[in-house]
Amino acid sequence: MNENQLVSDFVGIVENLKEIKEIYDLAKARNYNICIKENMDINYEKFYNKPQILMALGLLKHFDIIKADGFELLKFSQISPCIENDYFIELISLCYKNQNNRVFSLSSEREIINFEYSVNVLENVFKIVNIIGKNEFEKYLQFNPVPQSISEVFEKAENEFRHIKFTDKAYKTANPRNDIYKQIGFSKILNVFSVLEKLIYPFFRGTLNGFTQDSIQGEFKKLTYGIEFSNESVKTMKKYGEQRSVTINGRKFVMSYHIKISSDNRIYFIYDKESDYIYIGHSGKHLQVAG
């Protein structure tokens, strides 16, 4: 944890502690540990008449403690980019000493704001990622570690996005095309399901205002970096709808909405109001179309 903003911004300490609690809960839910240095530079005397703040500061006792004495600080010339801030030098030095390549900073941070810092010692480069704020921390946890197969993408998506469910047909049709998905990028595919959860789910549910069918498709394409989704024609569904059918818990669904992953790869889905899920069906080769 980058302590810089917490120990220097006493006016905003309540909001900062709230965000730290949110980040701590996110990390704990995914079995991540958050580490802080042993000698936190907080003047507790300032808060003796503010018991709520003192209680909130008690959260820090649950973090993993790192001893911050008995090690050599890095030189300015060894850190890039470098800033003249004692907390920053100590933070980066502790990360290098413990070979920890991840730091989280508060969203209110104003100095330690680069996404990445590099340490160069005897021409060996060690990179440290700086995750700024609760929202970015949540995204980082969703996409890391990066899935290594399309099956892992599906599993991770179902764990992360509670309104998306993958059918056996999704796995069965996607696995043979793993190499195609790999070329596109497993992180990019995972992001597609993130957008499906955060944009398309509320649109179909009727809780997202201000979008039409055309505009929601445009927004989807923007958020997925060029990947489109659309609806099959009536002719295609009459002639080849059975290819797009899936049976889930004894109920038959015919899926017409599909995500155009590549020129020859489609992911079909449907929103079911009764279960309040988006179900993922055929996720493989381009199916037949009319005309």
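Begin by selecting helix H10 (residues 213-223), where Lys-222 and Glu-219 stand three residues apart and are therefore separated by about one helical turn. The model on display is a predicted one. Show the side chains of this pair: Lys-222 and Glu-219 form a salt bridge, with 3.4 Å between their closest N and O atoms. Next, colour the two residues by accessibility. Lys-222 is exposed because its relative accessible area is 55%, over the 50% that the term requires. Glu-219, at 21% relative accessibility, counts as partly exposed.

Now select Glu-232 and Arg-244. These residues form another salt bridge, and their closest N and O atoms are 3.0 Å apart. Glu-232 sits in the loop between strand E8 (228-231) and helix H11 (234-240), while Arg-244 sits in the loop between H11 and strand E9 (245-248), so this pair ties together parts that are 12 residues apart in sequence. Are these two residues buried or exposed? Both Glu-232 and Arg-244 are buried.

Select Glu-3, Lys-37 and Glu-90 next. Salt bridges with shared partners join these residues into one network.

Which residue forms a salt bridge with Asp-25? The partner is Lys-21, and the closest N and O atoms of the pair are 2.7 Å apart. Asp-25 counts as partly exposed at 35% relative accessibility, and Lys-21 counts as partly exposed at 38%.

To finish, return to a view of the whole structure, in which a search finds 17 salt bridges.

Note on methods:
Residues are numbered from 1 along each chain as its sequence is written. This is a predicted model: local features need pLDDT of at least 70, side-chain atom pairs count only at pLDDT 80 or more; totals for chains, interfaces and linings use all residues. Side-chain values use heavy atoms; hydrogens and water are left out. A salt bridge is a side-chain nitrogen of Lys or Arg within 4 Å of a carboxyl oxygen of Asp or Glu. Buried means under 20% relative accessible area, exposed over 50%, partly exposed in between (1.4 Å probe, protein chains only). Helices (H or I, at least four residues) and strands (E, at least two) are DSSP runs, numbered from the N terminus.
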